[in-house]
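Colleague: Could you walk me through reading the helix packing in a model like this one? I would like the general idea, then the case at hand.

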Amino acid sequence: MALRREGKLAEAERLLVETIVNERPTADVYSAASVVTLERGNVLAAVRASKAALLLDPGSEWARRVMIGAGRACNCTATLLPTLEAAVASFPSASATTDIEEARLDAAIQAAAESYRAGKGNEAVAALKRAQALAHDPEPLARVGGGWLAIDHGREAQVVFETVLSINPDDVVALIGRAGAMARLGHLAGAERALSRDFERLGDGRLGLALARIQRERGKYPSAARTLARHTYLLDLTAGK
């Protein structure tokens with residue numbers, strides 16, 4: 001994976017494909033191929049490689065993590081669950097149980113979005129309630145909050161994000177999500193105040209971008225321009241370290 005660390009993704013993918021075609025590849029080779037092809041935007045190839053990795057070594061934690069990432073990227077976790085569940089049944093462990101719960105959570109969030117797009121609001125809500133029951137830590141809870149926002153349930157989203165922030169007040173994803181929920185509920189001024197305070201306190205560029213979006217939505221274009229200028233400055237400052 002040295003080539004990947006150097007940013008030479010095309011060359012890394014070529015070498016991995018040559019290894020798969022000409023040698024007897026291990027699960028780690030397929031896992032590496034899945035990671036590289038996913039980073040190059042070839043989601044279907046990443047999914048195929050992740051399946052091969054887990055079939056070769058059902059006990060590989062890396063192969064499980066790679067498959068979860070591929071499923072999240074293609075919004076197709078539900079189709080990968082049988083392979084993951086079979087692997088976990090063959091090689092049970094605490095980390096495997098955690099991984100399968102994460103995959104089931106992803107599948108539920110994806111099902112909610114699909115149901116919402118199909119006009120099946122009740123099914124979308126039921127799917128997100130299933131997902132929320134599986135989320136016990138800040139990162140999965142924040143993804144559930146994003147799921148509530150995606151189906152236009154701002155109040156439920158705000159409650160979830162507030163729960164995350166009660167655990168970690170500096171969780172940037174939750175801070176942005178809470179502001180998004182406030183905006184969805186019509187509290188644009190409050191969302192701007194919260195993001196402005198959080199951006200000033202933490203200096204995280206993601207907060208700056210979210211703040212600029214809210215400011216533009218409120219028609220405050222000069223303020224948005226100043227926020228983006230500061231965001232760019234902070235990025236340059238970080239890159240120079």
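Predicted model: local features only at pLDDT ≥ 70, side-chain atom pairs only at ≥ 80, totals over all residues.

Colleague: How many helices and strands does the protein chain hold?

Modeller: The protein chain has 14 helices and zero strands. Both are DSSP runs numbered from the N terminus: helices are H or I with at least four residues, strands E with at least two. The C-alpha atoms fill a box of roughly 60 × 45 × 35 Å along the principal axes.

Colleague: What span does helix H7 reach from its first C-alpha to its last?

Modeller: The expected span is 1.5 Å times one less than the number of residues. H7 (residues 94–117) has 24 residues and reaches 35 Å, close to the expected 34 Å. Just after H7, glycine 119 takes a positive phi of about 80 degrees.

Colleague: And how do I read two packed helices?

Modeller: Two packed helices are described by the angle between their axes and the distance between the axes. Axes are lines fitted to C-alpha atoms, for helices over the stretch in contact, with angles from 0 to 180 degrees between N-to-C directions. The axes of H7 and H8 (residues 121–134) come within 8 Å and cross at roughly 160 degrees. H7 is therefore roughly antiparallel to H8 (angles over 145 degrees count as roughly antiparallel, under 35 as roughly parallel, 65 to 115 as roughly perpendicular and the rest as oblique). Residues in contact (heavy atoms within 4.5 Å) include Leu105 and Ala108 in H7, and Ala127 and Leu128 in H8.

Colleague: At what angle do H3 and H5 cross?

Modeller: The axes of H3 (residues 27–39) and H5 (residues 61–74) cross at roughly 25 degrees and come within 10 Å. That makes H3 roughly parallel to H5. Among the residues that meet are Val35 and Leu38 in H3, and Trp62 and Val66 in H5.

Colleague: What about rings?

Modeller: A pair of aromatic rings is described by the distance of the centres and the angle of the planes. This structure holds zero aromatic pairs (rings of Phe, Tyr and Trp, its six-membered ring, pair if their centres lie within 6.5 Å; planes under 30 degrees apart count as stacked, over 60 as edge-to-face and the rest as tilted). However, arginine 230 lies over the face of phenylalanine 199, at 4.6 Å from the ring centre (the criterion is NZ of Lys or CZ of Arg within 6 Å of the ring centre and within 35 degrees of the ring normal).

Conventions
Residues numbered from 1 in each chain as written. Heavy atoms only, no water.
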